[in-house]
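Please look over the sequence and the model below before reading on. The paragraphs that follow walk through a few parts of the structure in turn.

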Amino acid sequence: MADGYAQASGQLAVANVHVQPGIANALSGILNAARTRVPLLVTVGQQVSGLLATEPFLGGDVLGMARPLAKAVFEPTTGEALGHDVRAAIDIALTPPRGPVVLSIPLDVQAGSAPAGADARDPLPATREPAPDRVQAAARLLEQARSPVLIAGDGVADAHAVSALGHLAERLGAPVFGEPMAARVALAWNHPLWAGQLQPFGDEIRRALEPHDVAFAIGMPVFRLFGHSPGAPLPEGIRLVHAEVDPHEVGKNHRPQVGLVGDPGRTLRSLLEALGPRDAASADRSRVVRRQIAERRRRARRAAVAQLGGPGIPPAAFASAVASSVGPNDLVVDEAVTSGRALRALICSRRPGTWLAHRGSALGWGLPAAVGAAMARPGQRVMSLHGDGGLLFGISALWTAARERTPLALAVADNRGYEILRAGLEGLTGSAEAEWPGLRLDEPELDLPGLIRAHGATVEQVDHKGALGDAFSDLWERSVDGPAALVVRVSGRTPRVGHPLP
Ligand SMILES: Cc1ncc(C[n+]2csc(CCOP(=O)(O)OP(=O)(O)O)c2C)c(N)n1
Ligand SMILES: [Mg+2]
């Protein structure tokens, strides 16, 4: 919930959890926040310092548990140290690359006198400029490119640099791909140079980049992959410019021709300055690229529309109903896993601030994040998209939304199982027909409407295509002053994911 609140407000959010069991429970949320670079302060109670050596109930090595995931961890032993550590924790969480910081506070420190002068100061500004000679080198490479391509990560939206990215794409006449598993919108999905999101598999990335001779990746790791695939993600001979705020990422997986460490907004502005006005070659290229992208979008849309038929409510029909019911200003928080896959092709066009997605991979992020986002943006309608499996990991957030009367529309794609795992096993084994144990949620069948109702939300269920449009309008109407849910009984399988192991 704090994660969604921080993402939707653009500010630090604070979550407080109960001693060692609380941090154990919070680790998946800390993992999600770390992967999406969400600024969180997680405070956790700790046993009385003097008891810790005796391994008491509820206390222990809280920092050791959080250290591999959190950006930093603190456990002050005095009131003065507490004041210092709170300030340091907030600064670290908010300094790009942002992330969760854990502050464990022993009970005796909590009960001691309040630290003096603990007011937080303004966070450190993200003003880091990339080195000017590197900017010049990157500009030369991009200028001489026959066919440049841009790949934009979540860091672009984090740095409020989306329009600068659009200017660079126009300046170069280059298509813009989104990084795999992006959580944010790096360029409006209906921008004529937006080429769509890369898939998190090396061979699919390579195929997308193959026509190009220079790739400029900004605000992202190059690349965070989901699974094995044959060959490397970068085509042979392509030259890479990698711009990132985190120096650890530059050259970690692929050595760039030019590495730029700095704030993505400043990097883009410096590059645009170094490049100067657009030349005729870029303008020509831009026309060709726009045509190619428009044609590719038409093809993707046709392919998605072809999946709307068939018995029951296929996953694409769920996505299509969402695409039709969501307005340009509504915020979509997407953990629909397989059932949301066709959304982009079905023109649910999104611009920055209207879409958040699951990047951390610890299930159960979506519903709580949507509740937090709705609290942070009281004037904006929020729709949470969920699979039935993931819903079970975070359903208690619905009770909080009911209690706080948080307006929220929850659309659950109920395929009665963990479809992504079946599709992934099909990818690994090549077998579509195998029945894998433990992937179905239908024996006994879960009473999802009952479960939702028990948490204080209104709920309807829909199981035929013809009723979808009205059901989604009704969902928005029911969600005006509290949480409302629609359970969509989705049928049929989704395409395989991934490849067999070598
Ligand atoms: C905490 C956690 N446990 C297990 C997983 C593995 N996992 C990823 S997706 C998924 C199934 C999701 O099911 P559902 O939300 O119904 O979406 P569907 O795949 O059916 O579209 C599972 C179990 C995970 N990502 N996180
Ligand atoms: Mg499911």
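How many residues surround ligand 1, and which are the closest? The shell holds 17 residues, the closest being Thr338, Gly387, Gly389, Gly390 and Ile420, where a residue counts as near if its C-beta atom, placed from the backbone, lies within 6 Å of the molecule. Helix 14 (388–394) and helix 16 (419–429) are the elements that give two or more residues to this shell; helices (H or I, at least four residues) and strands (E, at least two) are DSSP runs, numbered from the N terminus.

This is a predicted model, in which local features need pLDDT of at least 70 and side-chain atom pairs count only at pLDDT 80 or more, while totals for chains, interfaces and linings use all residues. Residues are numbered from 1 along each chain as its sequence is written, and chains are lettered from A and ligands numbered from 1 in the order in which they are written.

Turning to strand 13 (residues 382–387), one finds that 6 of its 6 residues are buried, a residue being buried if 20 or more other C-beta atoms lie within 10 Å of its own, exposed if 12 or fewer, and partly exposed in between, with C-beta atoms placed from the backbone. Val382, Ser384 and His386 point one way from this strand, whereas Met383, Leu385 and Gly387 point the other way. Strand 13 pairs in the parallel sense with strand 11 (residues 331–335) over 5 bridges, and also pairs in the parallel sense with strand 14 (residues 408–414) over 5 bridges, where pairing requires that DSSP finds at least two bridges between two strands. Leucine 331 has valine 382 as its bridge partner in strand 13, and histidine 386 has valine 412 as its bridge partner in strand 14.
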